Amino acid sequence: TCEDCSRMGTKLSEMASSPEGAVFELDYITPVICAAGLDEGVCEDLPSFWSAIAVNLFNAQDGWYAPVNLCERICNDTTISVKTPPCEQCMNILKFSTMDMATKSQQDRVISLFMERNFCSEQYNQISLEVCTER
């Protein structure tokens, strides 16, 4: 149901935006980013930089897994006649959402939103604005 999806989205948002979630995510992104041959400082700053990103990217109000984004289709679909969608449907929604995060168009959209919200100057000012906007 919409309520089940919303609970799942809220829980995923809480987990992904937590300090523990950021550490888990860093295990996956650090090797890729650091192998790209970027400036050495990028890898050094990555844990604090990603933690700040994760808090914003995965927030429960309007973040990636927030119910308003993750569950929009299921909550607005008036043709669903079953009370509870099969678990497979919930997993497919989650899988699609996560895979969509890896597309260049979604990454560009997220970066634009972060820039519009002044992420580098107001929410993560631990490094220079020039360096932050390069990443």
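## Overall architecture

The protein comprises nine helices and zero strands. The model described here is predicted. Along the sequence, the order of elements reads α-α-α-α-α-α-α-α-α.

Of the 135 residues in the protein, 33% are buried. Where contacts link residues at least 6 apart in sequence, 65% of them join residues at least 24 apart.

## Packing of helix 2 and helix 3

Two packed helices are described by the angle between their axes and the distance between the axes. Helix 2 (residues 19-34) packs with helix 3 (residues 40-57) at an angle of about 140 degrees, and their axes lie 10 Å apart. Helix 2 is therefore oblique to helix 3, an angle having to be over 145 degrees to count as roughly antiparallel. The crossing of the two helices is right-handed.

On the side of helix 2, the contact is formed by A22, E25, L26, I29, T30, I33 and C34. These residues meet V42, C43, L46, P47, W50, S51 and A54 of helix 3.

The buried residues of helix 2 are G21, A22, E25 and L26. They pack against both helix 1 (2-17) and helix 3.

Helix 2 carries a kink of about 40 degrees at D27, shortly before the proline P31.

Technical notes: Residues are numbered from 1 along each chain as its sequence is written. This is a predicted model: local features need pLDDT of at least 70, side-chain atom pairs count only at pLDDT 80 or more; totals for chains, interfaces and linings use all residues. Side-chain values use heavy atoms; hydrogens and water are left out. Axes are lines fitted to C-alpha atoms, for helices over the stretch in contact, and angles run from 0 to 180 degrees between N-to-C directions. Helices (H or I, at least four residues) and strands (E, at least two) are DSSP runs, numbered from the N terminus. Angles under 35 degrees count as roughly parallel, over 145 as roughly antiparallel, 65 to 115 as roughly perpendicular and the rest as oblique. A crossing is left-handed if the near helix is turned anticlockwise from the far one by less than a right angle, and right-handed if clockwise. Contact means heavy atoms within 4.5 Å. The bend at a residue is the angle between axes fitted to the seven residues ending there and the seven starting there. Buried means under 20% relative accessible area, exposed over 50%, partly exposed in between (1.4 Å probe, protein chains only).
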